[in-house]
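Dear colleague,

Please find below the structure that I am handing over to you, followed by an account of what was found in it. I would be grateful if you could read the text with the structure open beside it.

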Amino acid sequence: MKYVIVLCDGMADEPIQELGGRTPLEAAATPNMDRFAQDSEIGMVRTVPEGMAPGSDTANLSVIGYDPQKYYTGRSPLEALSIGVDMEPTDVSFRCNIVTLTEDEQAYEDRVIIDHSSDEISTEDAAVLVEALKDGLKKDGYEFYVGTSYRHLLIWKNGEILELTPPHDILTRRIGEYLPKDNVLREMMEKSYQILSNHPLNLERKKKGLNPANSAWFWGAGTRPMLASFEEKNKKKGAMISAVDLLKGIAVGAGMQNIYVEGANGGLHTNYAGKAQAAVDALTKDGCDFAYIHIEAPDEMGHQGNVQNKIKSIENIDSYIIGPVAESLKNAGEDFRMLVLPDHPTPISVRTHTGEPVPYMLYDSRKAENGMETYDEKAASKTGIRVEEGYTLIDHLFENRRTTC
Ligand SMILES: O=C(O)[C@H](O)COP(=O)(O)O
């Protein structure tokens, strides 16, 4: 028996006027999801416990079966596990986004944040800028590390956990109110603008019509996490297929295998087919029981407020991942259970995450359930099936009795 989770980051949304009151998931052409919906269990699951901040950190921990109320120690330390930073118990790590601020204002605090991802900057280009920050912001007890695309890391030795604002929560706002209260971090951010705004790589980007990656932005602070072993807990060997350090870091912490896929980049133009193939190979050739396929694109399109591209990312998941994975497992003679769901909503209307429950679809190749015509937010609400503790859903996927992990 094989088990698959297809995690469509930020896919859930709200009815949108320009889509005639449909959500992007309803509006997308998803023949595979619709086909499976008719034979699947469909319901709603709360992945972000009430009172916790909605994000892929808390929500994916739940989906992989770790109660975030017990295991969550911040976002950045999970990413540090993937980046390979061996954190001391007294280290505090921070996510360091390379963001785009407006450039016309005199004072740093008057600038407006217009892009949390600097036009999805490549890791290669971002690495050049992070090197410039390492040189220009050198300070005892503070260390920068390169991550993926716009997502990087700052470790503060013997540091403090600070309340900081995620940049994707304040797009189009003046930054003054959201700057760190801590003087060192605040000064580092201001100085990062001086280092980056006239960096040759940014002058080049502006010529090409791309957003300049002109400031560091710190958030997501936390200390080293301790996750229980996925294999010991579930008696299943698991593989993670994701482009982003957050998911790869959760996999490192849980002792799952991370599989690298060429061209997987966390953006709209990621290698969807390569991810599907990597999952099939892990399950049929490499002895894995479980594959977690994470696709960041719908979330990023939600943050960008781009409805058509959000729809496109969902259609790509349907045609290049859900259909082919199911087909390949069937052709390999494998029985399988496949769970499709977002981690959290990233509604186009707010361009950030919300903590509302999300729709899930659980398909079992051995048996047909009384499903729905389609898999989407409305269909899932109508079934009345609701899982309140998201971290228990994986036990349902594995047909286990509930655990308390
Ligand atoms: O900064 C990021 O990686 C994303 O914009 C945050 O969204 P996520 O929590 O869905 O990954």
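A cavity is, on a 1 Å grid over the protein atoms alone, a set of points where a 1.4 Å probe fits but cannot get out, whereas a pocket is an open set with protein on both sides within 12 Å along at least five of seven lines; lining residues have an atom within 4 Å of a point. Grid points are joined across faces, edges and corners, and a volume is the space filled by probe spheres set on the points.

The model is predicted, so that local features need pLDDT of at least 70 and side-chain atom pairs count only at pLDDT 80 or more, while totals for chains, interfaces and linings use all residues. Residues are numbered from 1 along each chain as its sequence is written, and side-chain values use heavy atoms, with hydrogens and water left out.

Domains

The protein is divided into domain 1 (2–72 + 227–397) and domain 2 (83–222), with bounds that come from an automatic or database domain assignment. Taken over C-alpha atoms, the centres of domain 1 and domain 2 are separated by 29 Å. In terms of contact (heavy atoms within 4.5 Å), 13 residues of domain 1 meet 12 residues of domain 2.

The cavity

The structure holds one cavity of 30 Å³ or more, and about 90 Å³ of space lies in the largest cavity. It is lined by 14 residues, of which Arg-75, Tyr-150, His-168, Glu-296 and Asp-299 are the closest to its centre. Helices (H or I, at least four residues) and strands (E, at least two) are DSSP runs, numbered from the N terminus. The elements that give two or more residues to the lining of this cavity are β3 (92–101) and α12 (297–304), and α12 gives the most, with three residues. For residue classes, Ala, Val, Leu, Ile, Met, Phe, Trp, Tyr, Cys and Pro count as nonpolar, Asp, Glu, Lys and Arg as charged, and the others, Gly among them, as polar. On that basis the lining of the largest cavity has two nonpolar, six polar and six charged residues. Domain 1 and domain 2 each supply at least three residues to this lining.

The largest pocket has a volume of about 560 Å³. Among its 23 lining residues, Ala-53, Tyr-72, Leu-164, Pro-166 and Gly-220 are the closest to its centre. Two or more lining residues come from each of α3 (56–64) and β7 (215–222), and the largest share, three residues, comes from β7. The lining of the largest pocket has 10 nonpolar, nine polar and four charged residues, and at least three residues are drawn from each of domain 1 and domain 2.

The second largest pocket holds about 400 Å³ of space. Of the 25 residues that line the second largest pocket, Thr-148, Ala-243, Ala-264, Asn-265 and Gly-266 lie nearest its centre. By class, this lining has nine nonpolar, 11 polar and five charged residues. Because domain 1 and domain 2 both give residues to the lining, the second largest pocket lies between them.

Buried helices and cores

Buried means under 20% relative accessible area, exposed over 50%, and partly exposed in between (1.4 Å probe, protein chains only). Nine of the nine residues of α3 are buried, so α3 is largely enclosed by the rest of the structure. After α3 comes Gly-65, whose phi is positive, near 105°. Helix α10 (residues 245–254) has seven of its 10 residues buried and is therefore largely enclosed by the rest of the structure; Leu-246, Leu-247 and Ile-250 are among the buried residues of α10. Just after α10, Gly-255 takes a positive phi of about 75°.

A nonpolar core is a set of buried Ala, Val, Leu, Ile, Met, Phe, Trp, Tyr and Cys residues joined through side-chain atoms within 4.5 Å. The largest nonpolar core has 81 residues, and those with the most contacts inside it are Ile-5, Val-6, Phe-290, Tyr-292, Leu-341 and Tyr-375. Helix α13 (residues 307–331) gives the largest share of this core, nine residues. A second, separate core of 37 residues includes Val-92, Cys-96, Tyr-142 and Leu-154.

An exposed loop residue

Gly-20 lies in the loop between β1 (2–8) and α1 (24–27) and is exposed, with a relative accessible area of 66%.

With kind regards
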